[in-house]
Every structure is written in structure tokens, then in C-alpha cells.
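Here is a short tour of one protein model for anyone who likes to check the details against the coordinates. Keep the viewer open and follow along.

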Amino acid sequence: MHKTFKLKLVALATASVYCLPTAVMAEEADITTDEIEVISTTPLQGVGLPVDQIPAAVQTVKDEDLEQQKSTTIADFMNNNLTGVSINETQNNPYQPDILFRGFTASPLLGTPQGLSIFQDGVRVNEAFGDAVNWDLIPVNAIAGINLIPGSNPVFGLNTLGGSLSVVTKNGRTHQGGAVEASWGSWQRKNVLAEYGGVSEDGSMDFFIAGNYFDEDGWRDFSPSDVKQLFTKVGWQNDSTRLELSITAADTDLIGNGLIQKEIKDEEGDEAINTRPDQTKNELAFFNLNGSHWFNDDVELAGNTYFRSSNRSTLNGDVNDDFAGVAGTFAGLCLAAPGAADPEGQAEDNCSGALNTSDTEQKSYGFNAQLAFNQDLMGKPNQLIVGGGYDYSTIDFEQGTEFGLVNATRGVDGIGVEGDEAEVELTGKTTSWGVFATDTMSLNDQWALTLSGRYNHINVKNSDKLIPDSSNPASLNGDHDFNRFNPAVGMTFTPSKAVTLYGTYNEGMRAPTSLELGCANPQQPCKLPNALAGDPPLDKVVAKTYELGARGALTKNIRWNAAVYRTVNHDDIQFITTESASSGGYFDNIGKTRRQGLDLGLSGKVSKFSWNAGYSYVNATYQSDLQLANEGNTTAFFDGTNNVIQVRKGDQLANIPEHALKLRLQFQATPNWRIGTTINSFSEVYVRGNENNKHQEGVGTNATVEGEAVEDSGKLSGYTVVNLDTSYTFGNSGWQIFAKAINIFDKDYASGGQLGENWFEDGNFAADNEPSLQLMQGAPRAGWIGARYEFGKK
């Protein structure tokens, strides 16, 4: 057992290079380590632990897996392969999905309750404004490996309520040689990727560069997207020290036209849209310096320092909520001439459309450091890691509204008249620091105990440029502090090499963001992401997780795993709509919510056939009674102020499927020809707006899918999607051709939805805004072909 911790360090080099003392390397040189799975237990990639000493069901992904399935993004691969993961296609753009893991969300959309922390080479990349996650800023061909760690592990810091995703990028020492890949197909999609890595002649320096260009028209009407990504890394090392400097840059222009009104879908088809445009432009410059140094065979220092600049601009064409025009009139009665002054505010009531714009500049700086000690404690093998981090971020957010006309294609043409009420100019500063420790002791050959804890302190300051007077209730000014110590304990029991049992309890937290604190006044609701209001204080969210599990091997090539868990969020934060889904809302602490469930997995390989199967059950429910304003739900009642629904303890959270079954099958038909398929099945979900789970079919709410009426339009039926991929390699020439097809049976499905309003009917404005089901429509059948050339691979 004494050599366990040294073994894991050697194994780690297969995924990411971190120098080891020469003595350790020589001592372990005669030991085969490729069968030892090692997992990093902190965001910084340094020392790790053998998987049989980790009290969690960690899922790992290698770069070969991403490359084989030609995954567009990390989110794409996770949805198709990882147990407990589901997707909400809110924007209907491949780079803008909401990823849900065990009922917790990582989303690019502001206002979505974020419950997962995302790391790239030890830096948390949840955006400063809203904790959003922009999948388009992480180039998939620069990724060496991914760990998905479940639970509220405090070591991973803020936002780790339901889990954390740790991404490690490639370097020139572990990924030598190059590759160029190009593909083309459905929706006029064109994708070109290239990468190259190498090591200097003296072996001290290495470099890696990767680029990605993506362009498509999109499967929805008026939905083109353009993605440009670049990643570079330079490394230096000697016998005891390694330094890496990486730069990630991205420039993306994404159109995600969002949910589709069911009446429009029925009349015009799946590709139709509600209104347009719905455009998001992201720009990223991310510099990250990582380093590690071994003082001796047992003590390692690792750390990083970074600068991250992320700029985001949005343009959303919407129906003007205050429009008082006549049914069937597309242009409305827009009385103000284009570009003219509007002193009497006529445009607000008489223009059918509105162009909502926002610009967000985010800059983040920080550092993280840790010391790892692989030294016996009380005569027993022990690994102690102590560390901390500091992060400082600034945001500059501006938004505005220009009134316009909804044209015949449901696009909005601006007339140059701006609204005053929606204007916001907000600056925010967030300062956070934390210290942590995690210790794993091998009590004997079978038992290992892990104790962890982290103290976090966060300060969030908002400054309102337009209303600087803090005494004004409408001012966004605020200064908020949050702090907490979060503990964790875990135990593993390995009675044999074939079986490991574990149990764990851990706590995590997230602090309200500048966005949430700037939109927390029920008396002044705001529309996301385009308006904010006053900011009564919100409480931090605290998650407490219990998990029991087991894993093992039936044979050398067949492995299994099982886990049961329960996570309770205390003072959970949710965006609460007022009156209707389109009229705005505010953030509030809603009490307790709970996610509990079961994960099962079985993977293996027999001869030329391999598989990976996973089943997950997620029961996500409210655990506190509350009332939510709602006009679209048939059970809504008037409380004297608004129409509301009564949500009770035990009602299920919206758009989270209870059951999910995933199957990845792969057959090596010949040494050069590979065939694979992914089969994903998800159960029914309650839509947003039906949080009380009691909405029933009524006038104006009858949804149809594939021509058949849905019995309860507040609930969407489950679905199964089958994808195919294949590749053929031409011997040792380096050439490969490949093909990929999604939704091969052209299943008509929606991954989620919400109860909204019927703005359009028979190609015109509806006579009155009756309740309507809005769908997160899934992509139809599509396919792509391509070629790849690899050279100099080692």
C-alpha cells in the first residue's frame, strides 16, 4: 500500500504531463501502470488517487472518444454518452444547449439556475455574470480528457451543487504529431479542424496548437451560426518542474431562435420560428499559466494564474408586450416615423415588435495553488492536499430596447425609437477567495478515509450608472457578502480487486450573482437578459449530498457501477415569472429543492464488440410550498394581485426527465473499419409553467406531436433518438474517411417546453393571447461525411 500514491503519479502522465522526481520514475519503472485508473481530486491537475480510493462515481472521457464520435461540443458528447446527463435544447443551436446532470444545470442562458462548476485546466470558466457556461468557447479538438465528478464536493469551490466538470487540454508532449479534418453535410454545415504538437530536440520544450472553424445555416429557419476557435500551449520542463502557458481564443456568432409556438409548428413545420433574430456573439481571450514543482519524492507544489476576457452581445427580436394593435395586423400602428423622436411614448403601445439588445464585458483574474504531501501519517499511507485560490472579476452590462415592426417572416425591423424603461447600465465586481484541504488515509489494504473542507468568501458589488442614488428603490446599487465552510467525508471499502464500495457526504454552495442580485425585486420585475431592477438581498444556496455506491469488474474486460444519491438545495434560487411567461419576473430564494436518484452502468468488450450502457433515475422535486404567478396554467387562481399556481412539496421540477437510458455500441468490422451507434431514451417531462404538475388540456392548449394529440399539454412525452457513426482508416497512410448521422429514424420530439402565450395564428397576430405550449423542438434526421489526415503521431 505504501507505493499506491506513487503509482498514481506515474499513471497520471498518460493523460497530462506533470514532472516526477527522477527517483520516483526509476523506482516504479518496472511496474505496469496502464491498468491503474487515476483521478485528480482537485481542479488543479497534479497528483491524484487510484479510482478505488475515490468515494464518488466519477465518469472519465478521453480525447479518442470525442474524436471517434465526431462530437461538435463537450455537451454533445455528454448528452450521448454520460450517465445521468440530459439536455434541454432551449436555443436549438448545437453550441447552446442546457446540460443537466442529476437534475442540475450548466447553461449558456442568463437566468437559468446554474448548479455545475466547469473547469478548464484548473480555472473555473462559469461566466462572472450569471455563472453561465458558453460551450462555444471550449474547442473540442484541444481536449485531452474530461472528468465528470458528481456531488457537492467542496474542494471544487463555488457553484458545485450537483457536480463539477474538469477539462484538461492537450500539450505537445502527450499529443505529438498533427491532424487535419474536414466534414460537410446537412444544413450546409462545414467544419474544419486542425491540430499539431511537438517537442524540441533537447526535450525541454513542447508546443501544441489547435484550431476549429464551424459554419452552418442551421436546421431552423433564419438560423445560421459561425464559430472560430484557436488554442495554443507552450510547455517547459526539467526533472522536477513543469510550466505551461496556454491561450484560448474564440469568436462566435450564434443564432438560436429558441422555443417554437406549437400552433406555428403545426402550421409551418419543425423548422419554423417564433420571432427573429435571436443572436449571441461571444469573444474570448483566455491566458492561463500552469506550473508544478516537486521538492522531493513526496511533496509537490502546483498552481496557476490566469486572465480571462469574455465579451458577449445579444440581439433579440421579440413581440412588444405592450402592443395594442389589431389582430391580423403585422406592422401594427407604429405611429412614430423611423428615426423620429417619440416624446409622447406612442411607440411603446403602437409598435408590434421590439429589438432587445445587450452588451456584457467580463474580465476575470486570479490564481490557485496547492501543496500535495504523499507521506505516511501515523504509520499509514496518506495523501494530504492543502490549497487556496483568489478570483476577481468585473462586469459591465448595458441593455436597451428599440421599437420596431414585426414583418411577414416574423423578423423585427427597428424604427430608431428607443424605449426608456428597459435601459440598464450596470457595473459589477465580484471578489472571492477560498482555502481548502483534503486528506485521504489508507487505514489498511481495504479501507480508505477521505476528509475535506473548504471555506469560501464572496463579495458582490453592483453599481448603477443610470440611478446612482442608492436610496432610490429602482437603483441597482448593492454590496453583498457571502461566506461559508463546507465539509465532506467519504469512505471506500475494497474487499477484493473486483469490487469497491463507497459512501460519502458533502456540502457545496453558490452565491447569488450580479445578475440575480440585480433582478430580485418582485415589485420591479425584469426581462432576461435585457432588463434589471432593484436588488433586495438574496441568500446563498447550500447543497447537501449523500451518496452510496459500488463498482467493480465481472471479468477483465467487463465493468459495472451503481450509485444512489440525494442532494437537497437549501434556499434555492429560481427565476419567477410575473403574470405570464413573457412579461418578466425576478429571482428569489424559494426554499428547498431535492434531487435524488439512481445511476447504473455496464461497459465492456468482447472480441470485436464493445459497449457502454447507462441508466439513470432522477427524482427532482420542490421541497417547500410556494406560489408562482402564472396565466397559462389551467389551475391558476387570482390571489388578489396576480393569477398564481400553488406549488406543493413533492411537485416535480420542470424539464427534467425522471428516466434516461443510454447505450453506446461499437463493432470493429475489420481492423480498419469501425461502426458505432448511440441510442438515447428519455422519459416524459413537465414543462415550465406547470410547476404544480396539474395543468390539464384546455382551450388553446392542445399540443400535437406527429399528428396525435397530447393528453396533457403541460407534460411532454418521452422519446428515443438513434445516431450512427462509422470510419475507415487506410492502413498506415494516416488517411481516414468517416460519416455521422443523427436521429436516423427522424423522430419528432421535444426535449422540454414551457407554457406561454399564443401571439401568432394563421400567419398573423392572434385575436387574443391565449395560453400556448412552447416547444424545445429536437433536430430532425441529418448526416455528414468527412475525411481526416494524421501525420507524425507518436
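## Confidence in the model

pLDDT is the predictor's confidence in each residue, on a scale from 0 to 100. That matters here, as this is a predicted model. The mean pLDDT of the protein is 86, with 85% of its residues at 70 or more.

Two stretches call for some care. Across residues 1-34 the pLDDT stays under 50, and the model has 78 contacts for them beyond four places in sequence. Residues 335-343 also have a pLDDT below 50, and this stretch has 14 contacts beyond near neighbours in sequence.

## Overall build

The protein has 794 residues, and buried residues make up 59% of them. Its secondary structure comes to seven helices and 46 strands. Among contacts between residues at least 6 apart in sequence, 69% join residues at least 24 apart.

The accessible surface is about 30100 Å², and carbon and sulfur atoms account for 54% of that area.

## An enclosed helix

Is helix H4 enclosed by the rest of the structure or open? Eight of the eight residues of H4 (residues 74-81) are buried, so the helix is largely enclosed by the rest of the structure. The buried residues include Ile74, Phe77 and Met78, and also Asp76, Asn79, Asn80 and Asn81.

The start of H4 has a contact to look at in the viewer: a side-chain oxygen of Thr73 comes to within 3.3 Å of the backbone nitrogen of Ala75.

Strands S13 (205-216), S14 (225-237) and S15 (241-255) each supply at least two of the patch residues.

With a relative accessibility of 32%, Trp236 counts as partly exposed.

## Salt bridges

Side chains of opposite charge can pair when their charged atoms come close. The structure holds 31 salt bridges. In one of them, the side chains of Arg410 and Glu268 meet at 3.0 Å, N to O. Arg410 sits in the loop between strand S20 (382-406) and strand S21 (412-442) while Glu268 belongs to helix H5 (residues 262-268), so the pair ties together parts that are 142 residues apart in sequence. Arg410 is buried, at a relative accessible area of 6%, whereas Glu268 is partly exposed at 36%.

Arg648 and Asp625 form another salt bridge, at 3.7 Å from N to O. Arg648 lies in the loop between strands S33 (643-647) and S34 (659-668), and Asp625 in the loop between strands S30 (609-622) and S31 (626-629), 23 residues apart. Both partners are partly exposed: Arg648 at 43% relative accessibility and Asp625 at 46%. Arg788 also pairs with Glu790, their closest N and O atoms being 2.9 Å apart. Here Arg788 is buried at 7%, and Glu790 is partly exposed at 30%. Elsewhere, salt bridges that share partners join Asp121, Arg173, Asp206, Lys233, Arg242 and Glu244 into one network.

## A buried loop residue

Which residues does Ala779 contact, leaving aside its neighbours within four places in sequence? They are Glu89, Trp187, Trp219, Ile742, Asn743 and Tyr749. Ala779 is found in the loop between strand S45 (771-777) and strand S46 (782-791), and is buried with a relative accessible area of 11%. Its C-alpha is 8.7 Å from that of Lys747, a residue 32 places apart from Ala779 in sequence.

## Backbone details

For anyone checking torsions, the peptide bond joining Arg276 and Pro277 is cis, with omega about -5 degrees. Pro277 is found in the loop between H5 and strand S17 (278-294).

Gln188 is not a glycine, yet has a positive phi of about 55 degrees. This residue is in the loop between strand S11 (177-185) and strand S12 (189-199), and is partly exposed at 39%. Asp746 likewise has a positive phi, near 55 degrees. Asp746 lies in the loop between strand S41 (735-742) and strand S42 (750-757) and is partly exposed, with a relative accessible area of 35%.

Technical notes:
Residues are numbered from 1 along each chain as its sequence is written. This is a predicted model: local features need pLDDT of at least 70, side-chain atom pairs count only at pLDDT 80 or more; totals for chains, interfaces and linings use all residues. Side-chain values use heavy atoms; hydrogens and water are left out. Helices (H or I, at least four residues) and strands (E, at least two) are DSSP runs, numbered from the N terminus. Buried means under 20% relative accessible area, exposed over 50%, partly exposed in between (1.4 Å probe, protein chains only). Contact means heavy atoms within 4.5 Å. A polar contact is a pair of N or O atoms within 3.5 Å; within protein, one must be able to donate a hydrogen and the other to accept it, and residues adjacent in sequence count only if both atoms are side-chain atoms. Accessible areas come from the Shrake-Rupley method with a 1.4 Å probe; for residues, only the protein chains shown count as cover. A salt bridge is a side-chain nitrogen of Lys or Arg within 4 Å of a carboxyl oxygen of Asp or Glu.
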